[in-house]
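Here's a walk through a two-chain model, written for someone who would rather look at side chains than at tables. Have the viewer open as you read.

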Amino acid sequence: MALSGMRGLSVFISDIRNCQNKEQERLRVDKELGNIRTRFKNEKGLTPYEKKKYVWKMLYIYMLGYDVDFGHMEAVSLISAPKYPEKQVGYIVTSSLLNENHDFLRLAINTVRNDIIGRNETFQCLALTLVGNIGGREFAESLAPDVQKLLISSSCRPLVRKKAALCLLRLYRKNPDVVNVDGWSDRMAQLLDERDLGVLTSSMSLLVALVANNHEAYWSCLPKCVKALERLARNQDIPQEYTYYGIPSPWLQVKTMRALQYFPTIEDPNTRRSLFEVLQRILMGTDVVKNVNKNNASHAVLFEALALVMHLDAEKEMMSQCVALLGKFIAVREPNIRYLGLENMTRMLMVTDVQDIIKRHQAQIITSLKDPDISIRRRALDLLYGMCDVSNAKDIVEELLQYLSTADFAMREELSLKAAILAEKFAPDLSWYVDVILQLIDKAGDFVSDDIWFRVVQFVTNNEDLQPYAAVKAREYLDKPAIHETMVKVSAYILGEYSHLLARRPGCSPKEIFSIIHEKLPTVSTSTIPILLSTYAKILMHTQPSDPELQNQIWAIFRKYESCIDAEIQQRAVEYFALSSKGAALMDIMAEMPKFPERQSALIKKAEDTEADTAEQSALKLRAQQQTSNALVVTDQRPANGTPPVSELRLVKVPSMSNVDHSSADHGVTQENGTLTVVDPQPPEPSADLLSDLLGPLAIEGPPGSAVQSERNLVPGTEGVPNAEDALAIAPVGEQTNTVQPIGNIAERFQALGLKDSGVLYEDPYIQIGIKAEWRAHQGRLVLFLGNKNTSPLVSVQAVILPPSHLKMELSLVPDTIPPRAQVQCPLEVINLRPSRDVAVLDFSYQFGTHVNVKLRLPAVLNKFLQPVSVSAEEFFPQWRSLSGPPLKLQEVVRGVRPMSLAEMANLFNSFRLIVCPGLDPNANNLVASTTFYSESTRAMLCLIRIETDPADRTQLRMTVASGEPTLTFELKEFIKEQLVSIPTVSRGPAPPPPPPPPPTSAPAALSDPGAMLAGLLH
Amino acid sequence: IHFVLLISRQGKVRLTKWYSPYTQKERTKIMVMNAQLAQVIRELSGLILARGPKLCNFVEWRDLKVVYRRYASLYFCMCISQDDNELEILEVIHYYVEILDRYFGSVCELDLIFNFHKAYYILDELLIAGELQESSKKTVARLIAAQDSLIETAKEQSGSISNMIVQATK
């Protein structure tokens, strides 16, 4: 291959190609890196040719996925070479090897600037390309005006100007606050008159970025865009070289229409008319042709035109034309067109009045759900979900259920959640709803979250008509040979409550019900056993006249569990045994569950919150809305900020006095128990506890749960923040030895768990580690759920907690083996001894083919030991003044704060249970918050925080933290700082104030320290 | 376009070009970056190489989309946002391939392996900041040719100088 012109490089590439395996390749690469390193050390001896060669080799090695941690300087230094060949290599390698925040780039700014303002056109091009590809903030600050000049200069040739346009686009997109575009609307309008289509293409991209940010300023560009589009669509005066398979620059057409979508509407009737003429032409004039490239290009234009038509809210006639077109597309053989047809039809749902026309295509869409291509299946599912309403819910949900048994693993969770939501939202009758959920659990129990089955229990409890039906169904499922544990829970619960309604049916005597449920007991996990015990107690209570044989059987079980190691099970066994020996008294205590207070479905709430969030946005971009609503399935629970719509409550026949009912039941129980106490000198637990006990473990949002709920609701929109920011995050590197890749981002999961109390801590193809936590003052109880996802056991399971010195942690025994498809729960008790930001680590390993070891940070973090408290001005100021200065009150100016509005900051604080007290600080730019911290050494301690922001510079602020304990003040201050400056650092060692995040160059040194290495791996 | 990726059927990387630096965290941790990018590449090649021939050219990945197209043993992939125009990007890929083809004269994977730097030059003439800058093949070809001739001239000059030195020191 003579073209490369570098023998050494070609030889190296050949060598790599000849490597038999990865190990050989690595050896060859290491050898080469060693060679390059030595050569660079004696730099004097290097000819420009050699330097070039080595720099290319570095890029090649980098491209293969190896770390190249030296030689950056040499690459950058080539930029300042006087001759073109070296300079070119320098620019290209630098822009591929370094990223925008690399320190060495700073060194090059001056050279780059000289090239940009210099007279040499080719140098200008190279420099603009580099800045356009990796230019960061500092480049924007020092170069933006120069680049702007080039773009509009009349003496520059098109090849420079088009690069200048895109370079500016990059700088503006990355740092809109630095690049000054005031007064640019006129210049942009001028640029749109440009004859050179290369410059026009680049300028149009720039315009898209500008109008996306602020369309108001660019109204004058709108008619110009329409003109340009007309010129292209009619192929007027377009040079031959700019047509692509006979189509006048399809890319420019697409971009122009994209820019037009950022204007909310088109006022001028003439402009509007000519635009619609063009659009009509595109919609009607695009035919399917043989040539695949021509087809793609013309359809790219067509789909963009469709999007524009939707955006402009055209007349109904044109809209139905569009739907008809899409209907055609979703049935064609070409998979790309089918995919895009479905995708755009989903977007079309946002347009009013077309839903009915879309529904005509339902059969075809359902067919697509069985498409061999998962991309298409996903689109079909999204569309079906979006188009579902009362009229077609039965069909759609039944299709989804059918599909569930064959669906890809990757889609099942989404599928079952969507089916559950639709069934609840649009159920024509409640028995159908019960059917759907039970089928869901039956077919995809692993993917049915607790929310779903809690909800069905709520419905059944609140609707008397439904109870016998649900009981019959539950009984039927129990006959199946192997049923999912969730099904055991639901049916046991329902039969416990309502099986007496079936007593006359065959196979439904209390005895039979008991024995069929009891058969399942050996197969279930500890979390299900308490439910079963409650069921037995209820069956016993409903058996009138009592059956001594059954009674003895059940008592034997209670006795057996009286010494169970699990406190929950033990307590129930003891209490039920004591209660059931009381005979008639049992009747009242074990009475049917009262109706649940009406509340919005947790599932639907999830869905609506995402929608509400979007509605608050400018509502301009249909596309944007679409994106978010698609995402609803994966979002974590977000706080409600809208009122529940009636449509969803309507489903439940509102009980006449649900709340009163509840409390009177409470009352009755208490009285009853009061008499018990008199009779029996060894009373069981107070009955109020008993009731909450029954509710508690089932967690069907009983009163304590809902209190927590509303607390969480005080913190709007916080959980989304870190996620959104890290949307692109890439899973961090695991230990080198692991060949198993984690699913999802471990660091993100950890962060999310910092804000909520249950969720997934870690997941890979074999295991999922979930976590559920309860915090009370300085104590916490975490439960680790270790779920084996395979059909064979996981062995050599080991979990070791490495607690920091301030936490006392006790992990219950972790079994060595996790059976196939089983979930093991390991409770973990935590006691917070003193304030510290250090983090506990779970060292977890197992064997499945290979040995897998991960180190996971546990979300037992500082803010978990905070309890929100809001203080009034009368309480705040005396405290604030009495804590007069260091070490109890610390002040610090924090720089490099990630910019956020005051409201966002308040949200952030609230989400960490630092409750913002509005109105305390007279200055509107300041923020005052308070919280109570709990630890064994400090007990409950009030903490006060004050933030003073500078509206002119959001990146810095002054923070004052005060509490009655110096370490607490310091740790809390550092904790808040970490949250504000967006770079989460793992703290190690309590004493010295951690330095600001280390500069990247120091990273290799830090890695030699084992603690740092561990911290690094955990990031 | 967030990034461009060329991978062979065996999962070997032939070219990568990133237009948006990945996350906050990576920005501070340059050391880790390449490993993380390698992770992205592994994930994507797993997704894309596993796909059969008659499926569509789009893969949904994280909250992005990858538009890919296979030419003989090479997969050209470009990663875009959810709401970008997929077909437009599909043709950007083809347009790039056509230019490579014209430049190398019926391009094959070997050309791109041994001349990966040329593939970079040409890509830079096509895309800046992940946006298309020029849609005329003729113009791009002209610019590349001009660059090549600049390099050639420089080589000749230095060649003649070194000749002279050789001559002089004889």
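## Chain B and the ground rules

Helices (H or I, at least four residues) and strands (E, at least two) are DSSP runs here, numbered from the N terminus. On that basis chain B has 6 helices and 7 strands, and they come in the order β-β-α-α-β-β-β-α-α-α-β-β-α along the sequence. Chain B runs to 170 residues, and 64% of them count as buried. Buried means under 20% relative accessible area, exposed means over 50%, and partly exposed is in between (1.4 Å probe, protein chains only). Contact means heavy atoms within 4.5 Å. Of the contacts in chain B with a separation of 6 or more, 46% are between residues 24 or more positions apart.

This is a predicted model: local features need pLDDT of at least 70, side-chain atom pairs count only at pLDDT 80 or more, and totals for chains, interfaces and linings use all residues. Residues are numbered from 1 along each chain as its sequence is written, chains are lettered from A and ligands numbered from 1 in the order in which they are written, and side-chain values use heavy atoms, with hydrogens and water left out.

## Where A meets B

At the interface, 97 residues of chain A touch 85 residues of chain B. The buried area comes to about 8,500 Å², with carbon and sulfur atoms giving 57% of it; that area is the accessible area (1.4 Å probe) that two parts lose on being put together, summed over both.

There are 8 salt bridges between chain A and chain B, each one a side-chain nitrogen of Lys or Arg within 4 Å of a carboxyl oxygen of Asp or Glu. One to look up is Lys255(A) with Glu131(B), where the closest N and O atoms are 3.7 Å apart. On chain A's side, helix H9 (residues 158–174) gives the most residues touching chain B, with 9. By class, that side of chain A has 46 nonpolar, 30 polar and 21 charged residues. For that tally, Ala, Val, Leu, Ile, Met, Phe, Trp, Tyr, Cys and Pro count as nonpolar, Asp, Glu, Lys and Arg as charged, and the others, Gly among them, as polar.

## A serine at the interface

Which residues does Ser136(B) contact, leaving aside its neighbours within four places in sequence? They are Glu241(A), Tyr242(A) and Tyr95(B). Ser136(B) sits in the loop between strand E7 (131–132) and helix H6 (137–169) of chain B, and is buried at 0% relative accessible area. Its side chain makes a polar contact of 2.4 Å with that of Glu241(A). A polar contact is a pair of N or O atoms within 3.5 Å; within protein, one must be able to donate a hydrogen and the other to accept it, and residues adjacent in sequence count only if both atoms are side-chain atoms.

## Inside chain A

Asn832(A) lies in strand E8 (residues 823–832) and is buried, at 1% relative accessible area. A polar atom of the Asn832(A) side chain is 3.0 Å from the backbone oxygen of Tyr934(A). Beyond four places in sequence, the contacts of Asn832(A) include His778(A), His806(A) and Phe865(A).

## Cysteines

The count is 0 disulfides over all chains, a disulfide being a pair of cysteine sulfur atoms within 2.5 Å. Cys125(A) has its closest cysteine sulfur in Cys156(A), 9.3 Å away and too far for a bond. Cys125(A) is buried at 8% relative accessibility, and Cys56(B) is buried at 0%.
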